[in-house]
Amino acid sequence: MKQATTTIEVTPEGRYAFVDLTDELRRAIKDSGVTGGLAVAFCAHTTCALLINEWEEGAMDDLRARIEAIVPEDAYYAHDDHDQRFGGFVEHERVNGHAHVKAMVLSATSHAIPVVDGEPALGTWQRLIFFEMDEPKTRTVTFQIQGA
């Protein structure tokens, strides 16, 4: 069995920005030499998500609008309340309770994607998409590829 790990850096343009990672996933699979197996895409950050969906501006605008409506930035978040926060609070830390809740609602830190004939077995319109929900900064996404 072959196994390879590739870590990439992603720097979104802004809050609620989307970045298409499908080509990076394909490159990681090709570089691994795996032609049949599994690719796991994992993002080790708590205020962004990995999505599998169509890369279409209207769909992304719809998700952005719905997630903002469901979890508004201007609501009260105990995560941002110095008096309520349990441990780990750093003075001058950015107010981002909304981004943490949005990430929990989406629950998308990783995806397992079959590899068939050396390619990710995504549907015709499916793409692997990174979604930033906090202030933009450089993030890491790890691809773990294994198989034959």
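Visitor: Quick one to start. In β8, what is the bridge partner of Gly 37?
Guide: Gly 147 is the bridge partner of Gly 37. Bear in mind that this is a predicted model.

Visitor: How many bridges join β3 to β8, and which way do the two strands run?
Guide: Seven bridges join them, and the strands run antiparallel.

Visitor: And β3 with β5, how many bridges there?
Guide: β3 and β5 pair over seven bridges, in the antiparallel sense. Within that pairing, Leu 38 stands opposite Pro 114 in β5.

Visitor: What about β5 and β6, how many bridges?
Guide: Two bridges, again with antiparallel pairing. Val 115 stands opposite Pro 120 in β6.

Visitor: What holds paired strands together in general?
Guide: Strands of a sheet pair through backbone hydrogen bonds.

Visitor: β2 and β7 are new to me. What sheet are they in?
Guide: An open sheet of three strands, in the order β2-β7-β4, with antiparallel pairing. β2 and β4 are the edge strands, and each pairs on one side only. On average, neighbouring strands in this sheet are turned by 30 degrees against each other, direction ignored.

Visitor: How many bridges join β4 to β7?
Guide: Seven, and the two strands run antiparallel. Leu 51 stands opposite Ile 129 in β7.

Visitor: Which helix lies across β2, β4 and β7?
Guide: That is α2, which runs at about 145 degrees to β2.

Visitor: At what angle do α2 and α3 pack?
Guide: About 115 degrees, with the axes 10 Å apart. The crossing is right-handed. On the α2 side, Leu 63, Ile 67 and Glu 68 make the contact. On the α3 side, Lys 102, Val 105 and Leu 106 do.

Visitor: Which residues of α3 are buried?
Guide: Gly 97, His 98, Ala 99, His 100, Lys 102 and Ala 103 are buried, in a helix that spans residues 97-106. The buried residues of α3 pack against β4 and α2.

Visitor: What follows α3?
Guide: Ser 107, with a positive phi near 45 degrees.

Visitor: Back to α2. Is Met 60 buried or exposed?
Guide: Met 60 sits in α2. Its relative accessible area is 5%, which is under the 20% cut-off, so Met 60 counts as buried.

Visitor: What is Met 60 in contact with, leaving aside neighbours within four places in sequence?
Guide: Phe 18 and Trp 55. There is also a C-alpha separation of 9.3 Å between Met 60 and Tyr 16, which are 44 residues apart along the chain.

Visitor: Switching to cores. In the largest nonpolar core, which residues touch the most other members?
Guide: Leu 21, Leu 50, Phe 130, Val 141 and Phe 143, out of 20 residues in that core. Elements giving two or more residues to this core include β1, α1, β3 and β8. A second, separate core has 12 residues, among them Met 60, Ile 67, Ala 99 and Ala 108.

Visitor: And Val 141, what is Val 141 in contact with?
Guide: Beyond neighbours within four places in sequence, the contacts of Val 141 include Leu 21, Leu 50 and Phe 130. Thr 6, Ile 8 and Phe 42 are also among them.

Visitor: Last one. Which side chains make polar contacts with the side chain of Asp 20?
Guide: Asp 20 lies in strand β2, residues 18-20. Its side chain makes a polar contact with the side chain of Thr 22 at 2.7 Å. The side chain of Arg 127 makes another with Asp 20, at 2.9 Å. Not counting residues up to four places away in sequence, Asp 20 touches Trp 55, Arg 127 and Leu 128.

Note on methods:
Residues numbered from 1 in each chain as written. Predicted model: local features only at pLDDT ≥ 70, side-chain atom pairs only at ≥ 80, totals over all residues. Heavy atoms only, no water. Helix = DSSP H or I, 4+ residues; strand = E, 2+ residues; numbered from the N terminus. Polar contact = N/O pair within 3.5 Å; in protein donor to acceptor, adjacent residues only side chain to side chain. Contact = heavy atoms within 4.5 Å. Core = buried A, V, L, I, M, F, W, Y, C linked by side-chain atoms within 4.5 Å. Buried < 20%, exposed > 50% of the residue type's maximum accessible area, 1.4 Å probe, protein only. Pairing = 2+ DSSP bridges. Axes fitted to C-alpha atoms, helices over the stretch in contact; angles between N-to-C directions. Left-handed = near helix turned anticlockwise from the far one by under 90°.
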